[in-house]
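Trainee: I have not seen this structure before. Could we go through it with questions and answers?

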Amino acid sequence: MGKINAIITGVGGYVPEYVLTNEELSRMVDTNDEWIMTRVGIKERRILTEEGLGTSYMARKAAKQLMKKTGADPDSIDALIVSTSTADYHFPSTASIVIGKLGLKNAMAFDFWAACCGFLYSLDVASSMIQSGRYKKIIVIGADKMSSVTDYKDRQTCPLFGDGAAAVLLEGTEEENVGLMDSYLRTDGQGLPFLHMKAGGSVSPPSYFTIDHRMHYTYQEGRTVFRYAVTNMSDDCALIAERNGLNKDNIQWVVPHQANMRIIEAVAKRLEMPMDKVMVNIERYGNTSAATIPLALWEYEPQLRKGDNIIMTAFGAGFVHGANFLKWAYDGK
């Protein structure tokens, strides 16, 4: 048996129906469309408004569409990974809920926490599982209900985030020069003061004090995060391009995390890539954390061709960052 490569064989996605516009946000906090568009490039975002539904609902919808599209037999799925920072519960895992709802009888499931970089991290882990030969088919999902941790009284952060999910099917092949070719993933570990949720974990469990002081929402020092994101995402892309002999002429697509249009443009500039080769949907979805990169793949899938060289890059809380080099395995569906 030859070397096994891990390839994406399909993409599914889901975004909630409710659209939260900048105009509507301007009635909630002191902001306006021009201010938001100039600073981050977001026009609207999707919000999961139905009571009692969490991240697992969106993850399940995306996975269900993926399985229908690829014709994957539920009994053939060996593992399901959900990358999220907004789990339904502290336990059980969101992935276990998705597995139960989908009726996957032969799969293990676990959640993967690496914030906005989670899809890149979990894709790399899942690829290693496939390459080991012990797993044949793995569903990797990026899903976040960021509205559940967004303070709609904070004008700095509330325009940034939205809800969504997307899923890919990862399979093994002996075909050469295809699939996940390389990853460069790092964790700085110094980012805690600049991007976190102050309460709700074991350090500061929920209490009247934490609720009264609005400590259960995303806290971010925007300028610091912006600076680190631009530097790390740009450097990571340049590094992975250099060590794989890639440049603006043979890279077909760059897929950056959708956090800020200015960050996306800075990464494209560093790689000397024209913006029409950069996957962008931030204007309509905002920052959906672990879901942004697979959502971009989902939307752009019809334009992808077998053999396309794709660089994906992200940066997130904990100051996790990295880039993946993916050689696409099929013509877009």
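Trainee: How many bridges join strand E4 to E5?

Mentor: First, the ground rules: this is a predicted model, in which local features need pLDDT of at least 70 and side-chain atom pairs count only at pLDDT 80 or more, while totals for chains, interfaces and linings use all residues. Residues are numbered from 1 along each chain as its sequence is written, and side-chain values use heavy atoms, with hydrogens and water left out. Helices (H or I, at least four residues) and strands (E, at least two) are DSSP runs numbered from the N terminus, and two strands pair if DSSP finds at least two bridges between them. Strand E4 (residues 79–83) and E5 run parallel, and the number of bridges joining them is 5.

Trainee: Which residue is the bridge partner of Leu80 in E5?

Mentor: Strands of a sheet pair through backbone hydrogen bonds, either parallel or antiparallel. For E4 and E5 the sense is parallel. In E5, the partner of Leu80 is Ala109.

Trainee: What is the order of strands in the open sheet of 5 strands?

Mentor: The pairing in this sheet is mixed. Direction ignored, neighbouring strands are turned by 20° against each other on average. The order is E1-E7-E6-E4-E5.

Trainee: Which strands stand at the edges of the open sheet of 4 strands?

Mentor: This sheet has the order E8-E13-E12-E11, again with mixed pairing. Each edge strand has a single partner strand, so one side of it is left without a neighbour in the sheet. The edge strands are E8 (179–187) and E11 (253–256).

Trainee: How far apart are the end C-alpha atoms of helix H5?

Mentor: The expected span of a helix is 1.5 Å times one less than its number of residues. Helix H5 covers residues 118–131, so its 14 residues should span 20 Å. The model agrees, since the distance between the end C-alpha atoms is 20 Å.

Trainee: How many of the residues of H5 are buried?

Mentor: Buried means under 20% relative accessible area, exposed over 50%, and partly exposed in between (1.4 Å probe, protein chains only). The buried residues of H5 include Gly118, Leu120, Leu123 and Ile130. H5 is mostly covered, the count being 10 of 14.

Trainee: Which side chain makes a polar contact with the side chain of Asn324?

Mentor: Asn324 lies in strand E13 and counts as buried because its relative accessibility is 0%. A polar contact is a pair of N or O atoms within 3.5 Å; within protein, one must be able to donate a hydrogen and the other to accept it, and residues adjacent in sequence count only if both atoms are side-chain atoms. The side chain of Asn324 also reaches the backbone oxygen of Leu120 at 3.3 Å. The side-chain partner, at 3.1 Å, is Ser183.

Trainee: Is Ser289 buried or exposed?

Mentor: Ser289 lies in the loop between helix H9 (282–285) and H10. Its phi is positive, near 55°, although it is a residue other than glycine. At 3% relative accessibility, Ser289 counts as buried.

Trainee: How many residues does the largest nonpolar core have?

Mentor: A nonpolar core is a set of buried Ala, Val, Leu, Ile, Met, Phe, Trp, Tyr and Cys residues joined through side-chain atoms within 4.5 Å. Those with the most contacts inside the largest core are Ile8, Ile138, Leu297, Met312 and Trp328, and its number of residues is 48.

Conventions:
Axes are lines fitted to C-alpha atoms, for helices over the stretch in contact, and angles run from 0 to 180 degrees between N-to-C directions.
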